Amino acid sequence: MSTATAPMTLDVAGTPTVPFGRLVRVELRKLADTRAGRWLLISIAALTLLVLIIQMAVVLGQGLHPKYIDFLQGMNTTTGILLPVLGVLSITSEWSQRTAMVTFTLEPSRVRVVVAKLVGLLVISVVALAAGAILGALANVLYGAFSGNTVVWGSAGKFVVYYLLLYLFGMAVAFAFGALVLNSPAGIVLYFAYQFIIPTILSIAAALMSWFNSLQPWIDFNTDQNSLIDGTIHGLLWVKMAVAGVVWLVVPLAIGIWRIRRAEVK
Amino acid sequence: MSTVPGSGSPFTLDVSGTPGIPFLRLFQVELRKSVDTRAGRWLVGVTVGVALLAEVIYLIVAVNKDLDGSYGSFVAASAFVSSFLLPILGIMVVSSEWSQRTAMTTFALEPRRMRIVWAKMLAGVSLTAFVLAFALVVGLAFVLLFSVFQGNSPDWTFGWSGFAGFVMNQTFSMLGGFALAALLLNTPAAIVVYVAYKYVLPGLLALGAALMAWFNSLQPWIDFQAAQSELYDMPLTAAQWWHLVVSGLIWLVVPLAIGLWRISRAEVK
């Protein structure tokens with residue numbers, strides 16, 4: 001009758017781990033089925049459409065000659081700000097909504113969760129870009145039909161790749177900042193400081209000091225991306241952008257992931 | 001022996017003789033709440049720290065490049081930083097009641113919610129005054145440092161009109177954040193909307209004005225930030241004052257009024 005000596009262990013050695021595809025699906029769902037995430041996605045879609053309609057009205061009313069990239073650029077005014085917020089929230093909400101305990105209990109390998117979140121953001125970026133590229137193409141065709149002018153596409157395929165990079169960079173930097181501070185408001189403020197305040201300071205410094213002027217493209221990731229927005233990036237600027245990307249993307253992300261691995265789950 | 005309740009002797013808690021909480025105490029409590037939480041303390045700390053950093057950088061550059069070292073330009077350097085961070089302070093003063101779930105306690109102790117809101121607003125204004133005073137004092141120190149390095153006598157160019165414009169701008173930006181937070185009662189959402197309003201909207205309005213003549217004449221009436229930037233060039237014309245009033249009504253008074261109405265009825269969770 002020695003049932004007390006029988007080991008009371010729960011043997012999960014034969015249980016397979018959570019497949020990565022499932023983690024990605026769960027993280028994608030988390031982005032869209034919370035109130036904050038859903039409203040953010042709805043706002044992005046609605047505002048982007050609104051911008052496009054206004055842009056169309058203005059170019060037709062004023063007899064302007066827009067190109068395909070102009071429509072992409074117009075839509076980027078909203079998505080460029082709001083998509084990164086989703087990137088911040090995707091990681092910080094685990095802490096602010098206190099779901100981290102459940103998440104990391106079900107999948108104790110935290111880095112897999114982080115990678116699943118990043119893949120989720122990648123999927124959202126691709127979907128957003130695909131929707132934007134199609135809407136922009138539609139707007140361009142409609143413009144041609146309404147105005148009777150020839151439709152200018154430029155290097156449409158190249159521009160789409162540029163904008164994909166732009167969205168991915170925005171998402172990833174935002175995610176890195178979120179991982180760094182693990183707090184939604186602080187992460188958002190940090191991201192906006194990076195997007196709106198730091199480029200101004202660096203540009204002023206570059207205008208004043210010639211040695212800094214040649215240094216700036218190597219460290220100002222956000223300003224470097226302007227040449228993705230207007231499609232003029234070329235040659236050495238790619239290298240400069242990559243170096244600046246290490247400063248603003250790779251380093252914060254590495255520190256952020258290190259922090260997530262050790263952060264207390266509250 | 002009728003200790004049984006409900007038999008004539010009502011078991012009511014008679015507070016009719018208890019005086020209400022004095023407004024000054026509410027104000028003190030709200031002021032304390034805004035700096036003794038982790039978020040609030042860090043925000044004020046970062047505002048002061050980054051402003052100081054901006055001053056040091058400007059001093060180094062100004063000395064090396066022989067730039068304008070006037071009092072006004074040093075104050076402007078720290079104003080650039082605080083105009084980004086003060087609105088966030090205004091936002092957190094309001095929305096943290098909901099995000100930190102302290103609203104239950106706050107409104108149970110003082111059920112007249114509007115008094116809390118006014119106390120919060122006054123606390124926000126006080127912190128703005130503190131940041132401004134800090135900017136003025138630090139600017140003073142840096143003007144003196146600049147004159148020592150350059151060997152010139154200090155240049156006090158700033159003027160009362162610049163000062164008035166500075167104070168009004170910063171107070172309006174804090175109140176703008178406050179109004180949006182009251183409207184949304186959610187810290188991240190209010191920050192995002194505020195940033196869109198501050199950094200994206202002016203560009204769009206300017207673009208619209210450049211393209212369309214009718215919009216160009218409408219823009220001054222709806223662009224609160226453009227109207228505020230006029231404040232640095234006092235005295236304003238009557239038309240400029242009216243631009244400020246009308247655009248301020250749209251971006252400050254209306255969101256604030258809706259926000260206050262919302263706070264007065266919001267469910268406390």
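Author: Let's start with one residue: Phe23(B) lies in helix 1 (residues 23–35) of chain B. Helices here are DSSP runs of H or I with at least four residues, strands are runs of E with at least two, and both are numbered from the N terminus. Bear in mind that this is a predicted model, where local features need pLDDT of at least 70, side-chain atom pairs count only at pLDDT 80 or more, and totals for chains, interfaces and linings use all residues. Residues are numbered from 1 along each chain as its sequence is written, with chains lettered from A and ligands numbered from 1 in the order in which they are written.

Reader: Is Phe23(B) buried, exposed or partly exposed?

Author: You count neighbours: with C-beta atoms placed from the backbone, 20 or more others within 10 Å means buried, 12 or fewer means exposed, and anything in between is partly exposed. Phe23(B) has 13 other C-beta atoms within 10 Å, so it's partly exposed.

Reader: And which residues is Phe23(B) in contact with, leaving aside neighbours within four places in sequence?

Author: Contact means that two C-beta atoms, placed from the backbone, lie within 7 Å. By that test Phe23(B) has Arg115(B) and Ala119(B) as partners. Ala119(B) sits 96 residues away from Phe23(B) in sequence, yet their C-alpha atoms are 7.2 Å apart.

Reader: Switching to chain A, how many helices and strands does it have?

Author: Chain A has 11 helices and zero strands. Its C-alpha atoms fill a box of roughly 95 × 50 × 30 Å along the principal axes. Of its 266 residues, 36% count as buried. Among contacts in chain A with a separation of 6 or more, 79% come from residues 24 or more positions apart.

Reader: How do I read a helix pair, say helix 6 and helix 11 of chain A?

Author: Two packed helices are described by the angle between their axes and the distance between the axes. Axes are lines fitted to C-alpha atoms, for helices over the stretch in contact, and angles run from 0 to 180 degrees between N-to-C directions. Helix 6 (residues 156–181) and helix 11 (residues 236–262) of chain A have axes that come within 8 Å and cross at roughly 40 degrees. Under 35 degrees is roughly parallel, over 145 roughly antiparallel, 65 to 115 roughly perpendicular, and the rest oblique. Helix 6 and helix 11 of chain A are therefore oblique to each other. On the helix 6 side, the contact includes Phe169(A) and Phe177(A), while helix 11 of chain A brings Trp248(A) and Pro252(A), among others.

Reader: What does Phe177(A) touch, not counting residues up to four places away in sequence?

Author: Its partners are Val88(A), Gly187(A), Leu190(A), Tyr191(A) and Pro252(A).

Reader: What about helix 8 and helix 11 of chain A?

Author: Here the axes of helix 8 (residues 210–219) and helix 11 of chain A come within 6 Å and cross at roughly 70 degrees. That makes helix 8 of chain A roughly perpendicular to helix 11 of chain A. Helix 8 contributes Pro217(A), Trp218(A) and Ile219(A), facing Leu237(A), Lys240(A), Val243(A), Ala244(A) and Val247(A) of helix 11 of chain A.

Reader: Last one: how many residues of chain B are in contact with chain A?

Author: Using that contact test, 16 residues of chain B meet 18 residues of chain A. On the chain B side, the largest share, 10 residues, comes from helix 7 of chain B.
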